[in-house]
Amino acid sequence: MIEFVPDIPRWRQVAEVIRQRIKDGTYPPRTRVPSVLQLTEEFGIASMTAHKVHRALRAEGLIYTEPGMGSFVSKDLA
């Protein structure tokens, strides 16, 4: 769990944590990132907030989703 900053939307703060984990290699390319359920449990956020995290990271090209398989770190990150 992280201590949330009141003036920044929670989804942005959680997305930044996941971005940092991708950047530092905690989640290497082609590995699974936490699911919506896992994000809700780890960060104590609502499922809609967790969905926003996934949408934002997909829009940035950091992750992709395979239906029925989960979300993964993009392979083309340099």
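The side chains of tyrosine 27 and arginine 21 are joined by a polar contact of 3.0 Å. This is a predicted model. Arginine 21 also has a polar contact of 2.6 Å, side chain to side chain, with glutamate 42.

**Tyrosine 27**

- Tyrosine 27 sits in the loop between α1 and α2, the latter spanning residues 36-43.
- Its relative accessible area is 13%, and because values under 20% count as buried, tyrosine 27 is classed as buried.
- Leaving aside residues up to four places away in sequence, tyrosine 27 touches Ile18, Arg21, Ile22, Arg32, Val33, Pro34 and Val73.
- Tyrosine 27 and phenylalanine 72 are separated by 45 residues in sequence, while their C-alpha atoms are 8.6 Å apart in space.

**Arginine 21 and glutamate 42**

- Arginine 21 belongs to helix α1, which covers residues 10-23.
- With residues up to four places away in sequence left out, the contacts of arginine 21 are Thr26, Tyr27, Glu42 and Phe43.
- Side chains of opposite charge can pair when their charged atoms come close.
- Arginine 21 and glutamate 42 form a salt bridge, with 2.6 Å between the closest N and O atoms.
- Glutamate 42 is in helix α2 and arginine 21 in helix α1, so this pair ties together parts of the chain that are 21 residues apart in sequence.
- Glutamate 42 has a relative accessibility of 28% and counts as partly exposed.

**Arginine 19 and its two glutamates**

- Arginine 19 and glutamate 16 meet through their side chains in a salt bridge of 2.8 Å, N to O.
- Both arginine 19 and glutamate 16 lie in helix α1, three residues apart, or about one turn of the helix.
- Glutamate 16 is partly exposed, at a relative accessible area of 36%.
- Arginine 19 is partly exposed as well, at 22%.
- A salt bridge also joins arginine 19 to glutamate 60, where the closest N and O atoms are 2.7 Å apart.
- That pair links distant parts of the chain, 41 residues apart: arginine 19 is in helix α1, and glutamate 60 is in the loop between α3 (47-59) and β1.
- Glutamate 60 has a relative accessible area of 42%, which makes glutamate 60 partly exposed.

- The salt bridge between glutamate 42 and arginine 21 has its closest N and O atoms 2.6 Å apart.

- Strand β1 (residues 63-66) pairs with strand β2 (residues 70-73) in the antiparallel sense, over four bridges.
- Isoleucine 63 has valine 73 of β2 as its bridge partner.
- Valine 73 is also among the residues that tyrosine 27 touches.
- Three residues lie between the strands of this hairpin, and glycine 68 takes a positive phi near 80° there.

Terms used. Residues are numbered from 1 along each chain as its sequence is written. This is a predicted model: local features need pLDDT of at least 70, side-chain atom pairs count only at pLDDT 80 or more; totals for chains, interfaces and linings use all residues. Side-chain values use heavy atoms; hydrogens and water are left out. Helices (H or I, at least four residues) and strands (E, at least two) are DSSP runs, numbered from the N terminus. A polar contact is a pair of N or O atoms within 3.5 Å; within protein, one must be able to donate a hydrogen and the other to accept it, and residues adjacent in sequence count only if both atoms are side-chain atoms. Contact means heavy atoms within 4.5 Å. Buried means under 20% relative accessible area, exposed over 50%, partly exposed in between (1.4 Å probe, protein chains only). Two strands pair if DSSP finds at least two bridges between them. A salt bridge is a side-chain nitrogen of Lys or Arg within 4 Å of a carboxyl oxygen of Asp or Glu.
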